[in-house]
Amino acid sequence: MSHLRIFALITISCAMLWGCSAKQNQELTAAQEQAVAERIAPAGHVVKAGQVVAAVAVSAGGSARAGDAIYNRNCMACHNSGVAGAPMFGDAGAWTARLEKGIETVYTNAINGINGMPARGTCMDCSDEEVIAAIDYLLDNSK
Ligand code: HEC
């Protein structure tokens with residue numbers, strides 16, 4: 001093989017490698033998302049079915065948990081560091097851009113999940129109101 005061909009091969013494989021890793025940074029597969037969610041969930045949050053039922057019963061019976069508590073438990077792992085392109089806590093510019101589509105859409109996207117954002121931000125025992133309270137806390141501190 002000539003030097004030129006070897007050089008061309010190396011260039012092509014570098015471009016391919018770079019392309020792959022750049023893509024990985026932006027898009028997580030569903031399995032990766034699940035893995036991330038499980039890794040960042042606070043210890044004890046990945047619970048058995050019975051515990052989820054108990055937690056839901058508590059939140060249904062009692063008053064909704066405060067937005068800051070939910071944020072600190074379920075959201076900050078990604079939104080304090082910008083994991084997978086998450087708009088960051090305190091980054092007014094990033095949130096203003098998101099709010100252009102309307103706050104209801106932003107709420108719905110967070111509840112249902114969108115791209116790297118897992119449904120309910122991994123707070124599976126959160127009611128819609130509790131997810132919204134966490135978003136309001138995030139937005140109030142990102143102006
Ligand atoms: C596993 C990481 C992760 C966790 C945990 C997480 N988020 Fe996100 N979030 C993201 C990413 C990534 C995006 C950007 C998604 C996109 O638009 O591509 C995002 C986007 C959002 C958005 C903007 C949605 C839109 O329409 O633009 C809101 C609101 C939000 N997250 C709220 C939350 C709340 C509240 C929690 C906790 C209950 C939470 N997130 C937990 C990663 C996460």
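Helices (H or I, at least four residues) and strands (E, at least two) are DSSP runs, numbered from the N terminus. This is a predicted model, in which local features need pLDDT of at least 70 and side-chain atom pairs count only at pLDDT 80 or more, while totals for chains, interfaces and linings use all residues. Residues are numbered from 1 along each chain as its sequence is written, and side-chain values use heavy atoms, with hydrogens and water left out.

**Figure 1. The protein chain contains seven helices and zero strands.** Along the sequence, the pattern reads α-α-α-α-α-α-α. Of the 143 residues of the protein chain, 24% count as buried (buried means under 20% relative accessible area, exposed over 50%, and partly exposed in between, with a 1.4 Å probe and protein chains only). Among the contacts in the protein chain with a separation of 6 or more, 58% come from residues 24 or more positions apart; contact means heavy atoms within 4.5 Å.

**Figure 2. Helix α4 (residues 67-79) packs with helix α7 (residues 128-140).** Their axes are 9 Å apart and meet at an angle of about 70°. Axes are lines fitted to C-alpha atoms, for helices over the stretch in contact, and angles run from 0 to 180 degrees between N-to-C directions. The angle makes α4 roughly perpendicular to α7 (65 to 115 degrees; under 35 is roughly parallel, over 145 roughly antiparallel, and the rest oblique). The α4 side of the contact consists of Gly67, Asp68, Ile70, Tyr71, Cys75 and His79, and the α7 side of Glu130, Ala133, Ala134, Tyr137 and Leu138.

**Figure 3. His79 and Met117 are the protein donors of the iron atom of the ligand.** His79 (NE2) and Met117 (SD) lie 2.0 to 2.1 Å from the iron atom; donors are N, O and S atoms within 2.8 Å of the metal (3.2 Å for Na, K and Ca), and water is not among the atoms, so sites may look incomplete. His79 belongs to helix α4 and Met117 to the loop between α6 and α7, 38 residues apart. With a relative accessible area of 11%, His79 is buried.

**Figure 4. Asn115 and Arg120 lie in the loop between α6 and α7.** Most residues other than glycine have a negative phi. Asn115, although not a glycine, has a positive phi of about 50°, and Arg120 has a positive phi near 55°. Asn115 counts as exposed because its relative accessibility is 68%.
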